[in-house]
Amino acid sequence: MTVGNPTDQNKTIHLDWKDLTALENGTYRDSTITERLDRSAAPHLLVSPARFHLRPGEQRQIEISVRSETHLPEKVEKRSHLVVHLTDNNGPLRKVDTGLHLDMARAVSVPVILRSEETHLLDNSVQIGDAKLRRLADGGLALDVLLERIGPHSVYGKLRVEGALFAGGKFQTLHEQDNIALYTENENRTVSFPLGIQELPESTLSVMFTGSGEYSGSISAKRLFAVEAQSKTNVKGLKD
C-alpha cells in the first residue's frame, strides 16, 4: 500500500490497528473482546513504518508482513482494519492502492485479511436473495438487495442493476456499486441504494454480482426480478 501527500503542506501519518465487526447493512461497530479474540488479525501482523512524515508531493510505501510464528488452520480467516491517521487536518491525504484514490480528512481504515496458505477460494460463492423496491421521501425509488455468502471466507465484488426505463425500452445500467464485502461474521448482507428514477414500467430487473480481487472471474451470480403490474414498488423473483 502506498500513501501520498498531494497537498502543499507537510503531513505526519501514523498507523495502528482497529477491530471492527461488520453489520448486515454494510456499516461497522467496534468488536467485542470475544470477537477480537476470535477474528483479530492484528496480533499476527507487522506494519512498517508505523509513523512517518510526508513532504508535499511525496509518497511512502507501507509494508504489511505476517509474523513468522503465525500458522492458521485451513478455512480459518482473520481480519483487522489498518487505520491511517492524519495528525493535522489542513488538507487531504491520498491513499493509492491498486488504482484506488481516496482523499481523507483525518483517517481512513483499510481491511486486511489473513488466511491460511491452504485456503481454497473456490469453496466460496454468492447468491442473490430477495429484492425490494421502496419509495423514498423525495418520491424516488430505491432498491434493497439481499446477498447471501456461501463458504468459510469473506467475499467481495461489484453489484450491477439493469432495467428498462419505459415499456419496451432497452436494458441499461440503473446502478453500479463496487467494493461490496460480505465478511465472515455475516452470512447475509443487504445492499440498499437509490435508483435515481421516479417510476419503473412493468418489466424485468436484472441484478448481478461479480467477484473482485482474488475472486475476479471465479464468483458470479445473477437473478431476474419482475416489476409487478399492480404496484410499481414491488418486485418478485423470476424462476430460473
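Which residues have the most contacts inside the largest nonpolar core? Before I answer, a word on the basis: this is a predicted model, in which local features need pLDDT of at least 70 and side-chain atom pairs count only at pLDDT 80 or more, while totals for chains, interfaces and linings use all residues. Residues are numbered from 1 along each chain as its sequence is written, and side-chain values use heavy atoms, with hydrogens and water left out.

To the question, then: the residues with the most contacts inside the largest core, which has 31 residues, are Leu143, Val145, Leu147, Leu159, Leu195, Leu200 and Leu205. By nonpolar core I mean a set of buried Ala, Val, Leu, Ile, Met, Phe, Trp, Tyr and Cys residues joined through side-chain atoms within 4.5 Å; buried means under 20% relative accessible area, exposed over 50%, and partly exposed in between, with a 1.4 Å probe and protein chains only. At least two residues of this core come from each of β13 (125-135), β14 (141-150), β15 (155-163), β16 (172-182), β17 (188-194), β18 (204-211) and β19 (220-227), where strands (E, at least two residues) and helices (H or I, at least four) are DSSP runs numbered from the N terminus. Another core, of 17 residues, lies apart from it and has Ile62, Leu82, Val108 and Val112 among its members.

Let me turn to strand β9 (residues 77-86), where His81 lies. His81 counts as buried because its relative accessibility is 1%, and its side chain makes a polar contact with the side chain of Arg79 at 3.2 Å; such a contact is a pair of N or O atoms within 3.5 Å, and within protein one must be able to donate a hydrogen and the other to accept it, with residues adjacent in sequence counting only if both atoms are side-chain atoms. The charged end of Arg79, in turn, sits over the ring of Tyr183, 3.9 Å from its centre, the criterion being NZ of Lys or CZ of Arg within 6 Å of the ring centre and within 35 degrees of the ring normal.

Tyr183 also forms a tilted aromatic pair with Tyr28, at 6.4 Å centre to centre and 45° between the planes; rings of Phe, Tyr and Trp (its six-membered ring) pair if their centres lie within 6.5 Å, with planes under 30 degrees apart counted as stacked, over 60 as edge-to-face and the rest as tilted. Because Tyr28 lies in strand β4 (residues 28-30) and Tyr183 in the loop between β16 and β17, the pair ties together parts 155 residues apart in sequence.
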